[in-house]
Amino acid sequence: MQDPALHALHTVFGYDRFRAQQEEVIRHLIDGGDALVLMPTGGGKSLCYQIPALVRPGTGIVVSPLIALMQDQVSALLQSGVRAAYLNSTQDAQTAQQVERQLLQGELDLLYVAPERLLTPRTLNLLKRARLALFAIDEAHCVSQWGHDFRPEYHQLTVLHEHFPQVPRIALTATADEPTRKEIIQKLALEEARFFISGFDRPNIRYRVTQKQNAREQLLRFLESEHRGDAGIVYCLSRKKVEETAEWLRAKGWDALPYHAGLSAELRQRHQDRFLKEEGIVMVATIAFGMGIDKPNVRFVAHLDLPKSLEAYYQETGRAGRDGLPADAWMAYGLQDVITLRQMLEASEAGEARKRVERSKLEAMLGYCEVTTCRRQVLLAYFGDERPAPCGNCDTCLEPVETWDGTEAAQMALSCVYRTGQRFGVTHLIEVLQGKDNERIRSLGHQRLSTFGIGKELDAAQWRSVFRQLVALGFLTVDTEGYGSLRLTEACRPVLTGEQRLRLRKESKRPKARSTRRVS
Ligand code: ADP
Ligand code: ZN
């Protein structure tokens with residue numbers, strides 16, 4: 001006789017084989033184990049609990065926060081001949097009662113329940129009288145207080161473990177960095193669960209980060225040399241910049257459309273439809289654009305501003321190359337991005353604990369930008385997916401970064417910050433280092449400082465790079481009260497005393513055009 005899991009895969013879902021880790025997850029669950037599954041959107045999470053629910057005796061209970069999605073899933077399952085139903089607030093009492101009856105009579109393979117419904121004494125009582133195959137907690141990152149999708153009801157799902165210790169539990173999510181993962185494990189009592197992660201790599205996407213000089217011009221050069229006629233998305237931080245950039249690209253002959261939450265719903269819909277249906281549209285957008293956009297041939301995603309976390313970056317760039325053909329994730333980034341994001345973060349209403357988490361997410365993002373090894377390795381490692389070998393398809397792999405001994409330069413930069421009273425931004429600091437003779441410097445008396453004019457050997461762009469790296473490495477912080485003035489941190493002491501030497505990235509002067517090599 002055929003294996004029951006494979007049998008279900010073939011006959012119910014009509015697929016030939018399991019993807020990545022699906023099979024392992026399914027076997028583990030069928031054997032009664034708990035699991036935490038991390039797979040990106042579209043990775044195939046649903047089968048991981050649907051098949052065990054079919055194979056194990058009893059009904060599989062699926063906790064899902066999105067009512068619309070729940071209804072879609074149930075109708076799709078019914079069409080495949082699976083006995084599925086849902087319980088949520090949109091139903092009338094009579095329909096709900098019928099579902100309850102079906103459950104108790106063992107007539108359901110899968111039952112989808114909204115979390116607030118599940119937690120009512122009535123439902124818990126009902127479940128106690130039914131035969132249960134498993135609990136699947138979908139979108140498990142909703143337990144995370146720090147996440148963008150926090151749902152208080154998810155916090156209470158610990159009751160599942162308390163009331164039903166014998167029933168296996170599987171938690172699934174597409175977004176889970178280390179802190180979120182820890183929260184899921186703790187809140188859902190998954191200490192014993194096996195951890196499965198797969199499918200995060202997008203090998204056809206080439207990751208590149210370039211230093212911002214004139215970002216718009218750099219973007220245009222990138223588009224003209226590599227993406228004529230291609231569809232793509234350009235992300236900007238503000239609505240204003242979206243408008244300006246779209247207009248500017250149009251003036252340069254590109255079919256660019258703006259998209260942000262400030263536009264009317266109709267206009268947004270119209271632009272989105274054009275992007276999906278026509279070829280070669282460049283959507284210039286804030287992060288308001290992208291949720292649920294499934295256009296397979298998006299050839300590039302460009303960032304004119306730094307995203308605030310690697311999760312956001314991964315999600316946004318992940319909209320490129322869904323068809324598996326080569327695609328670019330291109331970003332221009334500079335010190336000003338860090339200053340702006342830090343200021344936004346500090347000015348937000350969030351509490352101190354949350355700000356701390358967000359600061360560390362931003363730091364991870366910066367670390368990614370400044371990395372001198374394979375970018376993909378850094379990106380995947382952030383999601384817990386350690387890769388032993390460099391990828392060969394990111395900028396640092398294709399053009400290894402040169403480094404230089406930046407110790408002396410760093411010392412000059414740090415002393416300059418110190419001597420000027422830790423009250424100035426990078427432009428002024430560079431003018432002092434380069435010994436610029438201007439009114440502002442004279443009125444401040446900075447021409448008399450010992451650091452005045454000691455840094456003539458580097459040009460302004462090189463100094464910017466030094467300052468940026470010192471911020472990314474945590475030797476300087478951006479004072480978010482003022483206008484982006486830089487301050488020393490405790491960590492810079494060993495650099496100032498010469499105990500610690502620093503190797504810094506050398507910026508390549510002119511980024512090479514993309515090679516034509518295709519990846520499989
Ligand atoms: P997720 O919940 O992770 O976003 P889904 O479970 O909705 O992803 O699956 C995404 C798509 O992949 C669906 O269309 C699903 O039918 C398909 N799929 C899942 N597993 C397989 C498989 N083993 N073979 C072929 N297609 C699959
Ligand atoms: Zn690489």
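Me: Ala, Val, Leu, Ile, Met, Phe, Trp, Tyr, Cys and Pro count as nonpolar, Asp, Glu, Lys and Arg as charged, and the others, Gly among them, as polar. How does the shell around ligand 1 divide, then?

Reply: There are 4 nonpolar, 6 polar and 2 charged residues in that shell. This is a predicted model, where local features need pLDDT of at least 70 and side-chain atom pairs 80 or more, while totals for chains, interfaces and linings use all residues. Residues are numbered from 1 along each chain as its sequence is written, with chains lettered from A and ligands numbered from 1 in the order written.

Me: OK, which residues surround ligand 1?

Reply: Tyr15, Phe18, Arg19, Gln22 and Met39, then Thr41, Gly42, Gly43, Gly44, Lys45, Ser46 and Leu47. Each has its C-beta atom, placed from the backbone, within 6 Å of the ligand.

Me: Zooming out, how many helices and strands are there?

Reply: The protein chain has 23 helices and 17 strands (DSSP runs numbered from the N terminus: H or I, at least four residues, and E, at least two). Its C-alpha atoms fill a box of roughly 90 × 50 × 45 Å along the principal axes.

Me: At what angle do α20 and α22 pack?

Reply: About 125 degrees, axes 10 Å apart, between residues 426–433 and 460–472. So α20 is oblique to α22 (under 35 degrees is roughly parallel, over 145 roughly antiparallel, 65 to 115 roughly perpendicular, the rest oblique). Axes are fitted to C-alpha atoms over the stretch in contact, and angles run from 0 to 180 degrees between N-to-C directions.

Me: Which residues meet there?

Reply: Val426, Ile430 and Leu433 in α20 meet Ala460, Trp463, Arg464 and Phe467 in α22 (contact: C-beta atoms, placed from the backbone, within 7 Å). By class, that's 6 nonpolar, no polar and 1 charged.

Notes
Contact = placed C-beta atoms within 7 Å.
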